[in-house]
Amino acid sequence: APKVIRSLLKSSYPGGKIAQIDFISHEPRTAMLLTEKNLGKDIYEHLAEKLFDQKVSRTAVKKLVLCAVYGASESTLKKGLPAGVDVKKLVNKTKKILNYDMVVKEQIKNYKKSGKIYNFFGRPITPQEGRESLIFNNYIQSTAVDVALNGFGKILDRAPKRVRPIFFIHDAMLVDIHPEDINDFKNACKSIFIEKLGEFPLDFQILE
């Protein structure tokens, strides 16, 4: 949550805390879980092992995902990669791991037929245009939002009764926690399983 929001929020419980729960590397994980299930907690480390023979920084792998999915500049990406790497080939390999072509091939049919695409859960989305990268982005982002809402609902169902949700910000949820419930709630937030997709790890932070 932005710092200005953090500074304004105070627990309603004496000695209570405001906490933030985030899905970790949410959109690339959502994309990869369409076909692969054992990803581990660090999605970028997992990607690096698939893409490179040598050690590459996490930042470079993040940039590669941005380049593959959102069209970020390839020239910017080159700065963080080993010399002599074929960036275009690497981007295409990343797209394959993220199921880019699979999603686009299926959803472009829906778009041409009705002007809509349908995310993993069947929710209709209307892209602004039929560009492939936009169709993929809309599919993954809308699926990730539905995963987050579904996941936070599951977490609140199993959370201590005194946990009070405050609001959601895309793939993050802020809650008000009674001091006696902090450890139990933290344990309830380690990960969440979404049917037909898989396990999503979460990050838990106390904000105040």
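In the predicted model, Asp22 stands opposite Asp203 of strand β7. The two strands concerned, β1 and β7 (residues 198-206), run antiparallel and are joined by five bridges. Strand β1 is also paired with β5 (residues 172-177), again in the antiparallel sense, over six bridges. Within this second pairing, Ala19 has Val175 of β5 as its bridge partner. Strand β1 spans residues 17-23, and six of its seven residues are buried, so the strand is largely enclosed by the rest of the structure.

The largest nonpolar core comprises 57 residues, of which Ile21, Phe136 and Phe185 touch the most other members. Helix α8 (residues 132-158) is the greatest contributor to this core, supplying eight residues. In soluble globular proteins, nonpolar side chains tend to be buried together. For Phe136, the contacts beyond four places in sequence are Ala31, Val69, Leu98, Asn99, Tyr100, Val103 and Val104.

Asn99 is also in contact with Thr35, as is Met102, when residues up to four places from Thr35 in sequence are left out. The side chains of Thr35 and Asn99 form a polar contact at 3.0 Å. Thr35 itself is located in the loop between α2 and α3 (43-51). The C-alpha atoms of Thr35 and Lys161 are 36 Å apart in space, and the two residues are separated by 126 residues in sequence.

Arg29 belongs to helix α2, which covers residues 26-32. Arg29 is buried but has no salt bridge. The nearest side chain of opposite charge is that of Asp42, at 6.7 Å, whereas a salt bridge requires a side-chain nitrogen of Lys or Arg within 4 Å of a carboxyl oxygen of Asp or Glu. Apart from residues up to four places away in sequence, Arg29 touches Ile24, a run of residues consisting of Leu39, Gly40, Lys41, Asp42 and Ile43, and also Glu199, Phe200 and Pro201. Asp42 is thus both a contact of Arg29 and the nearest side chain of opposite charge to this buried arginine.

Notes: Residues numbered from 1 in each chain as written. Predicted model: local features only at pLDDT ≥ 70, side-chain atom pairs only at ≥ 80, totals over all residues. Heavy atoms only, no water. Helix = DSSP H or I, 4+ residues; strand = E, 2+ residues; numbered from the N terminus. Buried < 20%, exposed > 50% of the residue type's maximum accessible area, 1.4 Å probe, protein only. Lys, Arg positive; Asp, Glu negative; His and termini not counted. Contact = heavy atoms within 4.5 Å. Polar contact = N/O pair within 3.5 Å; in protein donor to acceptor, adjacent residues only side chain to side chain. Pairing = 2+ DSSP bridges. Core = buried A, V, L, I, M, F, W, Y, C linked by side-chain atoms within 4.5 Å.
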